[in-house]
Amino acid sequence: MRIALDAMGGDFASSETVRGALLAVDELGVEVILVGDRKDIESELGKAGARNGRLSIVHTGQVIPMNEPHPVDAIRKMRDSSILTACDLVAQGDADAVVSAGNTGATMISAILRLKRLEGTDRPAIATVFPTTTGYCLIVDAGANSECRPHHMLSFALMGDAYATQVMGRGNPRLGLLSIGEESTKGTELTIASYELISKTNCNFIGNIEAKDIPLGRADVVITDGFTGNVVLKLAEGVGDAMVKILKASIEKSPVSRIGAVLMRPALRSLAGKMDYSEYGGALLLGVRGVTVIAHGRSRAKAIKNAIGTAKAAVEGNVTEAIAARLGTGGSERRDSLDN
């Protein structure tokens, strides 16, 4: 399996992306195509003393900055950018998936331009895992579309259902629509209309859920618009960081607290690992004709490796084909089979 990695994408590129690629090659058994400035990449490989036959380089001369506010214009001007070239490799069949920790907007647009949308959706969505008390769930959309219509939400539900089945291994995933109350009549015009559409599919739709239900693991797939989904993620990230600081401050207040912290160290490490975004790698862009993983901009080597692992799992799970089939049925296939 060959993964095209945007070696120039991310706050710590290319040193951390190259190190992440080396970890992926060694631990995941994949081939990685490092896309970016050859001189820069070779310098980082030299520092690592790397001589691995499963690594190759495709040179590009341009990089879209992380803080680029107009990714569409940037892509038009930077045809030789690392992310656009990485997506080209997938479109041409030279790579099985693309991974980038670079500018999210540029990654999304490059994937749409080069890989094209799947039939049945005009709005690809970002799907990201979220830790819960029972494991983890999937949030769709986590930031790709700030404004949505009911039929977009329907496609998010179908794509999330396919992903949860194929990659997460959930046999009959529970889909919940994020709203301000459990009743079908609560929420905005968007959530009320979306509820009606999703309830007509064969999905295991459990109805509306509230934000408090997400970390409690009530749903396997949480359906929401990209604006709300991104707010949920950023709030959770902030709360997690704040809780760590509060806990550290409390521990340092007395010797007894410090002794207790030593005894609880294994449990605290386990909790920290579950809340660490680097453990989950990256978010999948659902709705394009190829596996595209968007990693966190602050990704270090471990997160890059795990993002490549997410891409590998999606390819092995035939998630693109499964989503295409799910969108093609419009959510009716499973219900028809049950009726028969």
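Residues are numbered from 1 along each chain as its sequence is written, and side-chain values use heavy atoms, with hydrogens and water left out. Since the model is predicted, local features need pLDDT of at least 70 and side-chain atom pairs count only at pLDDT 80 or more, whereas totals for chains, interfaces and linings use all residues.

## Overall form

The protein has 13 helices and 11 strands, where helices (H or I, at least four residues) and strands (E, at least two) are DSSP runs numbered from the N terminus. Its radius of gyration is 21 Å, close to the 20 Å that the globule rule gives for 340 residues, so the protein is as compact as a globular protein of that length. That radius is taken over C-alpha atoms, and the globule rule is 2.2 Å times the number of residues to the power 0.38. Along its principal axes the C-alpha trace spans about 60 × 60 × 40 Å.

Of the 340 residues, 48% count as buried; buried means under 20% relative accessible area, exposed means over 50%, and partly exposed lies in between (1.4 Å probe, protein chains only). The protein exposes about 15,900 Å², of which carbon and sulfur atoms supply 53%, the areas coming from the Shrake-Rupley method with a 1.4 Å probe, and for residues only the protein chains shown count as cover. Among contacts (heavy atoms within 4.5 Å) between residues at least 6 apart in sequence, 71% join residues at least 24 apart.

The mean positions of the 38 positive and 39 negative charges are 5 Å apart. In this count Lys and Arg are positive and Asp and Glu are negative, while His and the chain ends are not counted; each charge is placed at NZ of Lys, CZ of Arg, CG of Asp or CD of Glu.

## The enclosed helix α4 and strand β3

Helix α4 covers residues 82-91, and nine of its 10 residues are buried, so this helix is largely enclosed by the rest of the structure. The buried residues include Ser82, Thr85 and Asp88 as well as Ile83, Leu84 and Val90. They pack against β1, β2 (31-36), β3 (55-59), α3 (71-77), β4 (97-100) and α5. Just after α4, Gly93 takes a positive phi of about 85°.

Strand β3, one of the partners of α4, contains Leu55, which counts as buried at 15% relative accessibility. Leaving aside neighbours within four places in sequence, Leu55 is in contact with Ala21, Leu22, Val25, Val32, Leu34 and Leu45. The C-alpha atoms of Leu55 and Val30 are separated by 9.1 Å, although these residues are 25 apart along the chain.

## Cysteines

The structure holds zero disulfides, a disulfide being a pair of cysteine sulfur atoms within 2.5 Å. Cys137 is in no disulfide, and the nearest cysteine sulfur, that of Cys203, is 16 Å away. Cys137 is buried, with a relative accessible area of 0%, and Cys87, which belongs to the buried part of α4, is likewise buried at 0% relative accessibility.

## Backbone features in loops

Two cis peptide bonds deserve a note. One joins Ala13 and Ser14, with omega about 0°, and Ser14 is placed in the loop between β1 (2-6) and α1 (15-28). Another runs from Val140 to Asp141, with omega near 10°, and Asp141 is placed in the loop between β6 (135-140) and α6 (150-166).

Positive phi values in residues other than glycine are found at Lys116 and at Asn318, as set out below.

Not counting residues up to four places away in sequence, Arg117 touches Ile112, Asp122, Pro124, Gly287, Val288 and Arg289. The C-alpha atoms of Arg117 and Ser43, which are 74 residues apart along the chain, are separated by 37 Å.
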